[in-house]
Amino acid sequence: MNAPDERPDPAPAGPVDRLRRLAPGLRSRPAAAGEGPDGLEALRARVADLEEEVGELRRLNLRLAELTDVVQELLLPLASSDPARAQEVLDRYSAELGR
Amino acid sequence: MPRLPEVVDVDRAGLLLGDSDDVLLDVLLDGRRVWSLWTERVAGRTPSPSGPPGAVAVPWPRELAQALDGPVRMTVSCGETVLLDREVVMGPGPDRVRLVDREGRDLVVDNHGRLAVAFGDQGEEATALLLDATARLLADLEEAGVEPFVAYGTLLGAVREGSFVGHDNDVDLAYLSSHEHPVDVILESYRVQRHLIRAGHDTTRYSGAAFRVDLTVSDGTRRTIDVFAGALVEGHLMLMGELWVPYDRSALLPRTSVVLEGRSLPAPADPEALLAATYGPSWRRPDPAFAYAPPAATTRRLDGWFRGTRAARNHWDRRYSDAVHHGPVRKPHDLARLLHRREAEDCEVVDVGCGRGQDAVWLARRGHPVLGLDFSPNGFARLHARSQEEGWGADFASMNLLELRQVMLWGARLARREGPRAVLARHVADATSDRGRRHLWRLAAMALSGGGRLYLEFVLPPADPPLPQHLLLHGLDPDQVRSEVLARGARVVEEAAVDVTHTGQPPAGGIEDETPLRGYRMVMEWRA
């Protein structure tokens, strides 16, 4: 991630504001892009990088949801169970996953 | 008046069409419509240098191509205008081409390019049974704490015609999540699915925010009811699996109702607004060849948030869909023989990505307790049934390596078991995605936390030509594999380049049917 601003958010911001905070270079690059083909190429590369980085962040959602589900549905019941109950919890979680 | 194409040629590969505007064509076999296509938007369309200027070659959808073997009267029409109508011979097959399923029901190509029994071809009783099943599912969804409504094609049919869309073949339900964050939307979808499983439904997950319920109605027709999560996020409606549009809550809730085949079903507050958002302003005009084409940014967003757990799944399911009808496969792969030579007879084997299960059964019959895992249960269904009947000691279960929670579940289950253990993973690391490969190492590390070896085989990146696509494999660099596994606490105890050889097994479109490929074998060890 490029130079994230770690200060707290002063006010609610829209997605464009947030992207600009994540990538301050975006503020000036559109102007630079007009200056020649190199600027445009750099902007293209920057957009591609940003798309990749946004994708990387989005992918955390599913991972976090899966881990939360395992903690809620498996680890918590397992932590407070006897061995027979633990097996039951594992079997039940498995049976209710669908295909 | 749009310019219509000339049908220049027709053969087993597809249609050769002359230059035209983007028009909707119907393809009929012996007078029955089986496929519709838009000439400029049809999948696989390529310019044809051999035809007249502007000509395009349009391939048959794969399942239709397989069925086109024999004589048939082929008609291609655009509305009332017939462009082609003649007897053709589509292959050496002696019988007339009949597009029917095993029970003799008429099939058509659906909007995913697959053959299916369309609603227009099903009887009244089957329709009534499907509606009964839908009503039960709606009640169970309400009980799960969400407010379901009909969406997509089902809503379209109800509003436009008061009936199912004739060329459609599944039921679409959706609900608006009370959550906004994708993590909470996913957790809610998991919870709803669990509730339905407890209520006795057979479900298959598509993504973090959608799954389907599989039904077999009494005449044997298989139907699916899709259950899509929706959410209002930053003034937009996110609706799996295609929508991200500016939207107002009042257009969804409180729900209203629509009438479908004489029955009242829950609908969003403004059904027409959702149809316009889904199908565009021309939603009132029937389009049997409609295919969703969401903006790339929408696909990126929904992919990023929810998808990635079904990579290549449809291909593998299709490859194995007929495996249950194939003859037995008995011959094991070399990697299974190697494992058997290296490990004690009582060593439990976990065959990850077991496919049709021949290695699992071969090892079980030599004394190993064996568990075969694969995300496509069609593959092992036959040998699983035989193993249970004959008491071979090979057990099988479906496990999706792409879902972290399934990997953690199986890792935990295996780690609890007593006794020595080995993991066999033949053409898994090179078949799955990066996510799946990372999960494979995690599963092995958990399953072998008491010590044990992972037997791995994969293909190397080919120099030339590239690997045939139908193998569903991609080459891996042994250095990369070695470093990934070392980072999981294992060490490589044996490795060698190998030929992935032909084993003379029945055709399943698999790697066995190919000439030798360059492969690599690694045995890794985790110490207790």
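This is a predicted model: local features need pLDDT of at least 70, side-chain atom pairs count only at pLDDT 80 or more; totals for chains, interfaces and linings use all residues.
Colleague: What does UniProt list for residues 40–70 of chain A?

Modeller: The UniProt record, an unreviewed entry, lists those residues as "coiled-coil region". In the model, residues 40–70 of chain A are 100% helix and 0% strand, with the end C-alpha atoms 46 Å apart. The record also places the feature "domain: DUF6752", again from an unreviewed entry, at residues 43–97 of chain A. That span is 91% helix and 0% strand, and its end C-alpha atoms lie 44 Å apart.

Colleague: Now to the two chains together: how much area do chain B and chain A bury between them?

Modeller: The size of an interface is often given as the accessible area lost when the parts come together. Here chain B and chain A bury about 3200 Å² between them, and 52% of that is on carbon and sulfur atoms. In terms of residues, 41 of chain B are in contact with 30 of chain A.

Colleague: How many salt bridges are counted between chain B and chain A?

Modeller: The count is eight salt bridges between chain B and chain A. One of the salt bridges in the model joins A:Glu73 to B:Arg194, where the closest N and O atoms are 3.5 Å apart.

Colleague: Turning to strands, in which sense do S3 and S4 of chain B pair?

Modeller: Strands of a sheet pair through backbone hydrogen bonds, either parallel or antiparallel. S3(B) and S4(B) take the antiparallel sense, over six bridges, and B:Leu29 stands opposite B:Arg32 in S4(B). These two strands form a hairpin with two residues between them, and B:Asp30 in the turn has a positive phi of about 45°. Strand S4, residues 32–38 of chain B, has six of its seven residues buried, so it is largely enclosed by the rest of the structure.

Colleague: Which strands of chain B does S7 pair with?

Modeller: S7(B) pairs with strand S3 (residues 24–29) in the antiparallel sense over four bridges, and eight bridges join S7(B) to strand S8 (residues 81–89), again running antiparallel. S7(B) and S8(B) form a hairpin with two residues between them, where B:Gly79 in the turn has a positive phi of about 60°.

Colleague: Is S7 of chain B largely enclosed or left open, and what about B:Val76, buried or exposed?

Modeller: Seven of the eight residues of strand S7 (residues 71–78) of chain B are buried, so the strand is largely enclosed by the rest of the structure. B:Val76 lies in this strand and counts as buried, because its relative accessibility is 0%. Leaving aside residues up to four places away in sequence, B:Val76 touches several others, including B:Val7, B:Leu15, B:Leu25 and B:Leu84. The C-alpha atoms of B:Val76 and B:Arg86, which are 10 residues apart along the chain, are separated by 9.4 Å.

Colleague: In the open sheet of seven strands in chain B, what is the order of the strands?

Modeller: The order is S22-S21-S20-S23-S24-S26-S25, with mixed pairing. Strand S22 (394–398) and strand S25 (491–500) stand at the edges with a single partner strand each, so one side of each is left without a neighbour in the sheet. The twist averages 15° from one strand to the next.

Colleague: Which strands does helix H8 of chain B lie across, and which does helix H10?

Modeller: Helix H8 (residues 334–342) lies across S20, S23, S24, S25 and S26 of chain B, running at about 160° to S24(B). Helix H10 (residues 377–390) lies across strand S21 (370–374) and S22 of chain B, running at about 150° to S22(B).

Methods: Residues are numbered from 1 along each chain as its sequence is written. Chains are lettered from A and ligands numbered from 1 in the order in which they are written. Side-chain values use heavy atoms; hydrogens and water are left out. Two strands pair if DSSP finds at least two bridges between them. Axes are lines fitted to C-alpha atoms, for helices over the stretch in contact, and angles run from 0 to 180 degrees between N-to-C directions. Contact means heavy atoms within 4.5 Å. UniProt positions are given in the numbering used here, feature names are shortened, and annotations may be inferred rather than shown by experiment. Buried means under 20% relative accessible area, exposed over 50%, partly exposed in between (1.4 Å probe, protein chains only). Buried area is the accessible area (1.4 Å probe) that two parts lose on being put together, summed over both. A salt bridge is a side-chain nitrogen of Lys or Arg within 4 Å of a carboxyl oxygen of Asp or Glu.
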